[in-house]
Amino acid sequence: MPHFAVVGSGPSGVYTAQGLLSQDRVPGLRVDVLDRLPCPYGLVRYGVAPDHEKIKSLQSTLRAVLEEERVRFLGGVEVGPALPPERLLGLYHGVVYCVGAAAARRLGIPGEDLPGSWSATDFVAWYSAHPDAVDAGFVRDVRAAVVIGVGNVAVDVARMLARGRAELTPTDMPQAALATLTGSGVRDVFVVGRRGPSQARFTTKELRELGTLPDTDVVVDERELALDPGYADPSALPSATRRTIEVLRDWAARPGTGAGRRIHLRFFLRPVEITGRRGRVAGVRLERTRPDGDGGVRGTGGYEEIGAQLVLRSVGYRGMPPDGLPFDPVRGTVPHDAGRVLRGGRPAPGEYVAGWIKRGPTGVIGTNRSCAKETVASLLADAPGLLGRDLDGDPLDGLRAAGLHPVDWAGWRAIERAEAELGRTLGRDTVKIPDWHGLLSAAHGI
């Protein structure tokens, strides 16, 4: 019986499994979807802001695939020393790696490692209950925070810093994070970009949400907007960018209301140093930039400092070398040809990649569909050569022989029930379990 493995249960992994199931060239095909974590859905569970229920509803689509009778979810399975790629490939006719690009890019400036300076990825993992996250006291004694970057993740974390108890309590945010965020003293959040609003990466929809936050003013300086050549005459800009410009223009014209919190959107400022005092973050020193006429910016030699006790760096993701696979450190991806893993420049039989580890951290969730489609097409073209080998029994037995204790779909459903029960005991809806022990205890009925 043809049996393939997909490593990673986020959108790229599930779309890959779906593509394999929907074909008719290999009858009787089965797919095991493996994940290092005991929970499925990848960044949909651990990367989407908890107040974005519409995006999180994508879980229903992913669930439908994982509940297919020809699919088996096996969580708690990590490719590594106990299960290197060559051993995993010995259990299946082929393996598709969809392991993402979860590492945060660095700024490469002095002070980046001071206490109080974090990647936005770390912060998101904490309030999203990722079991590897640490409670680093992110907002303890914080009055002002600087978010470096102007993408959707930057807007997400700014919004989370400004949300109140009434808005966060109905989410599935873990209880400790809820108590910490809603009890914080954060009053000013600065979202800083080195380029202008016409080059910002956030969507207009995400941006507009900032203007709906209770007891929060959005502060925009029109003098910074005017540095952008597209601001005075946005007619040549894409329609989505024009809408963003109009939102910012409207906010810049509004007087402050004296709200308890302020989100400051700053443009044409490049961070050059994270400053410290008494061994902790004290602020960010920034250089004023101007457009260089070629789509970039250049420094002007003018500087300012924003005082803050927390800095969150949101400047993109980067892939990490998957254990036992070739890796291109410049691109942060696994070398491939249409999804076929290349070892020594040649396709490695039975090994494939899809998603961010294949193409880099680009596109939106839906981009993973076309990416997975290409990889599935390559695998199916190779299938006649891959299926000539008989497998030695059920791959699950081989995983257990490697000392692994996979969490199956029933185990994941047990985690879901435990999280629903936790929410009931706290007077909330479902509340995520944030630690490995709690997740595995729930999965295995301990």
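1. Ser 378 is part of helix α15, which spans residues 367-386; helices here are DSSP runs of H or I with at least four residues, strands are runs of E with at least two, and both are numbered from the N terminus. Ser 378 is buried, its relative accessible area being 6% (buried means under 20%, exposed over 50%, partly exposed in between, with a 1.4 Å probe and protein chains only). Apart from neighbours within four places in sequence, Ser 378 is in contact with Ala 338, Arg 340 and Tyr 352 (contact means heavy atoms within 4.5 Å).

2. The model is predicted, so local features need pLDDT of at least 70 and side-chain atom pairs count only at pLDDT 80 or more, while totals for chains, interfaces and linings use all residues. Residues are numbered from 1 along each chain as its sequence is written, and side-chain values use heavy atoms, with hydrogens and water left out.

3. The largest nonpolar core has 49 residues, and those touching the most other members are Phe 123, Tyr 127, Leu 161, Val 191, Leu 210, Trp 251 and Leu 265. Such a core is a set of buried Ala, Val, Leu, Ile, Met, Phe, Trp, Tyr and Cys residues joined through side-chain atoms within 4.5 Å. Helix α7 (residues 152-162) supplies the largest share of this core, seven residues. A second, separate core holds 41 residues, including Leu 29, Leu 379, Trp 409 and Ile 433.

4. Phe 123 deserves a separate remark. Not counting residues up to four places away in sequence, Phe 123 touches Phe 138, Val 157, Leu 161, Leu 181 and Leu 312.

5. Which residues of helix α9 (residues 175-182) are buried? They are Ala 177, Leu 178, Leu 181 and Thr 182. These residues lie on the same side of α9 because they cover an arc of only 115 degrees around the axis, the arc being that of the directions from the helix axis to the C-beta atoms. Among the elements that cover them are α6 (120-127), α7 and α8 (165-168).

6. Helix α4 (residues 58-66) has Leu 58, Leu 62, Arg 63, Val 65 and Leu 66 buried. Seen down the axis of α4, these residues fall within an arc of 160 degrees, and therefore line one face of the helix. Their cover includes α1 (11-22), β2 (30-34), α2 (43-46), α3, β3 (71-74) and α17.
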